[in-house]
Amino acid sequence: MTRAVRLTVNGRGHQVQVEPRLSLADCLRDVLDLTGTHVGCEHGVCGACTVLLDGEPVRSCLMLAVQAGGHAITTVEGLSPNEGLAPLQQAFQDKHGLQCGYCTPGILLTTHAFLKEHPHPTPEEIREMLAGNLCRCTGYHFIVEAVEAAARATARNPR
Amino acid sequence: MKPAPFDYTPAASAAEAVAALAQHGDDAKILAGGQSLVPMLNLRLARPAMLVDINGARELDYLREADGGVRVGALRRQAAVARWAATRLPLMAEALRHVGHGAIRNRGTVVGSVVHADPASELPALLLCLDGEVIARSPQGERTVAAGDLYRAPLTTSLRADELVTEARFTLPRPEAGWGFAEVARRHGDFALVGAAAMLWQDDAGRVAGARLAFFGVGGTPQRGAAGETALVGQTISGEAMRAAARAAAAALRPEGDLHASARYRSEVAAVLAERVLMTAAGRCRRAA
């Protein structure tokens with residue numbers, strides 16, 4: 001039995017008809033073609049599928065698409081301005097805060113929400129925040145630098 | 001992996017959820033935050049025929065202080081409880097900091113973690129440490145289950161299949177009580193290998209008037225360190241007294257070994273952590289007025 005759900009993703013409304021067992025992550029990717037959200041472990045450990053639900057980071061692999069009706073979802077596609085990159089994304093590019101890029105969308109969304117609550121984070125706070133997102137390429141050092149750079153850029157130029 | 005197929009009932013109230021459970025019995029599972037259940041579905045470790053989703057039951061999203069305790073409704077998320085606890089119950093705030101990661105706590109509920117009964121998780125041990133209880137509702141009415149009667153085995157409680165836990169209650173410590181919390185995990189946010197929580201309060205002569213000690217990750221259920229608690233009452237606070245109490249409490253534990261840590265290692269760590277949390281709690285104690 002499928003169910004009808006009205007999703008709001010990156011400010012756009014979508015009407016979808018899905019099985020209850022379809023995760024929000026798979027719905028975003030396979031039904032809405034928003035493939036920026038990556039699926040890694042499918043049990044909440046790796047953080048690759050992190051999206052914002054009403055502004056707060058959540059694992060989209062641990063939420064059913066049928067549960068997402070009535071909430072505002074933001075994916076990595078919704079972070080970028082119409083042209084170019086958001087300051088946070090630019091900082092990751094400038095500081096080489098990614099290699100293969102698989103974990104990057106989840107890290108960007110987690111960091112985006114984190115910097116709103118912690119505009120001047122300590123390196124320790126940054127590392128604790130990042131502990132929920134696995135990166136197997138970078139060793140995290142450049143990611144921490146990218147988050148610090150993004151915090152400085154946001155402090156200079158608050159949006 | 002992807003979950004096996006299931007049917008889905010959104011419940012708009014606790015009554016609707018209880019009715020759905022009564023109808024589907026053992027085939028149904030309550031879906032709250034989903035941070036433990038959905039991984040089990042995805043790994044096909046659980047294959048319920050029906051999920052009863054209580055996320056629409058807004059009446060269960062509450063936190064109230066009453067009768068010297070705090071009552072947390074089944075839909076109150078861990079992140080929200082942590083914000084309250086930062087000023088009102090720092091032991092819980094510290095424990096919650098170790099529950100998964102921020103993204104998990106934004107969805108995960110306190111009640112869900114309490115009744116999921118993972119022996120390595122923090123909140124069941126906290127329910128023991130804070131003399132807590134849960135309120136279970138079924139078509140027959142409501143009953144109260146004390147923390148000490150709740151946990152039976154890993155992921156197994158004394159709750160019946162037709163019962164919905166609507167609320168968890170934790171006793172608020174008296175203002176002069178001190179607290180300690182510590183755990184050893186491979187990475188921040190991982191399940192603990194071993195963890196311990198303690199509360200301690202003194203009489204006006206500076207002797208220990210009461211103590212609570214609880215462990216997690218040391219067996220099939222969270223454990224109260226009763227031998228250590230008893231040993232402390234009436235004692236003057238000292239390093240030796242704390243060490244003796246910690247050793248007594250840890251000696252009563254029967255942890256199991258697995259690929260993460262041997263039984264003997266867990267026992268050793270439990271004793272060390274118990275001493276640490278008791279010392280920390282003692283350091284935070286104020287004398288009763």
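Reader: What is the strand order of the open sheet of 5 strands in chain B?

Author: This is a predicted model, so let us read it as such. The open sheet in chain B has 5 strands, and their pairing is antiparallel. Neighbouring strands are turned against each other by 25° on average, direction ignored. The order is β4-β5-β10-β6-β7.

Reader: Which strands of chain B stand at the edges of that sheet, and why is one side of each left without a neighbour?

Author: A strand at the edge of this sheet has a single partner strand, so one of its sides has no neighbour there. The two strands in that position in chain B are β4 (63–66) and β7 (141–146).

Reader: Now to β5 and β10 of chain B: which residue is the bridge partner of B:Val70?

Author: β5 (residues 69–73) and β10 (residues 164–171) of chain B pair in the antiparallel sense, over 5 bridges. B:Val70 has its bridge partner in β10(B). That partner is B:Phe170.

Reader: And what angle does the direction of helix α1 of chain B make with that of β10(B)?

Author: Helix α1 (residues 14–24) of chain B packs on this sheet.

Reader: Let us turn to the helices α3 and α4 of chain B. How do the residues of their contact divide into nonpolar, polar and charged?

Author: Helix α3 (residues 78–88) and helix α4 (residues 90–97) of chain B have axes 7 Å apart and pack at an angle of about 145°, and α3(B) passes α4(B) in a left-handed crossing. On the α3(B) side the contact is made by B:Gln78, B:Val81, B:Ala82, B:Ala85 and B:Ala86, and on the α4(B) side by B:Pro90, B:Met92, B:Ala93 and B:Leu96. By class, these residues are 8 nonpolar, 1 polar and no charged.

Reader: How many residues of the side of chain B that touches chain A are nonpolar, polar and charged?

Author: In chain B, 25 residues are in contact with 24 residues of chain A. Among the elements of chain B that each supply at least two residues to this side are β1 (7–10), α2 (37–42), β3 (50–53) and α5 (102–105). The division by class is 11 nonpolar, 9 polar and 5 charged.

Reader: Over in chain A, which residue of the hairpin of β3(A) and β4(A) takes a positive phi?

Author: β3 (residues 50–53) and β4 (residues 56–59) of chain A run antiparallel and are joined by 4 bridges. A:Leu53 stands opposite A:Glu56 in β4(A). The hairpin has 2 residues between the strands, and the one with a positive phi, near 50°, is A:Asp54.

Reader: Which strand gives the largest share of the side of domain 1 of chain A that touches domain 2 of chain A?

Author: Chain A is divided into domain 1 (3–78) and domain 2 (87–156), and 22 Å separate their centres, taken over C-alpha atoms. In the contact, 15 residues of domain 1 meet 11 residues of domain 2. The domain 1 side has 7 nonpolar, 7 polar and 1 charged residues. Its largest share, 3 residues, comes from β3(A).

Reader: Finally, what ipTM does the model score?

Author: For chain B the mean pLDDT is 95, and 99% of its residues reach 70 or more. The model scores pTM 0.95 and ipTM 0.94.

Conventions: Residues numbered from 1 in each chain as written. Chains lettered and ligands numbered in written order. Predicted model: local features only at pLDDT ≥ 70, side-chain atom pairs only at ≥ 80, totals over all residues. Axes fitted to C-alpha atoms, helices over the stretch in contact; angles between N-to-C directions. Left-handed = near helix turned anticlockwise from the far one by under 90°. Contact = placed C-beta atoms within 7 Å. Nonpolar A, V, L, I, M, F, W, Y, C, P; charged D, E, K, R; others polar. Pairing = 2+ DSSP bridges. pLDDT = per-residue confidence, 0-100. Domains from an automatic or database assignment.
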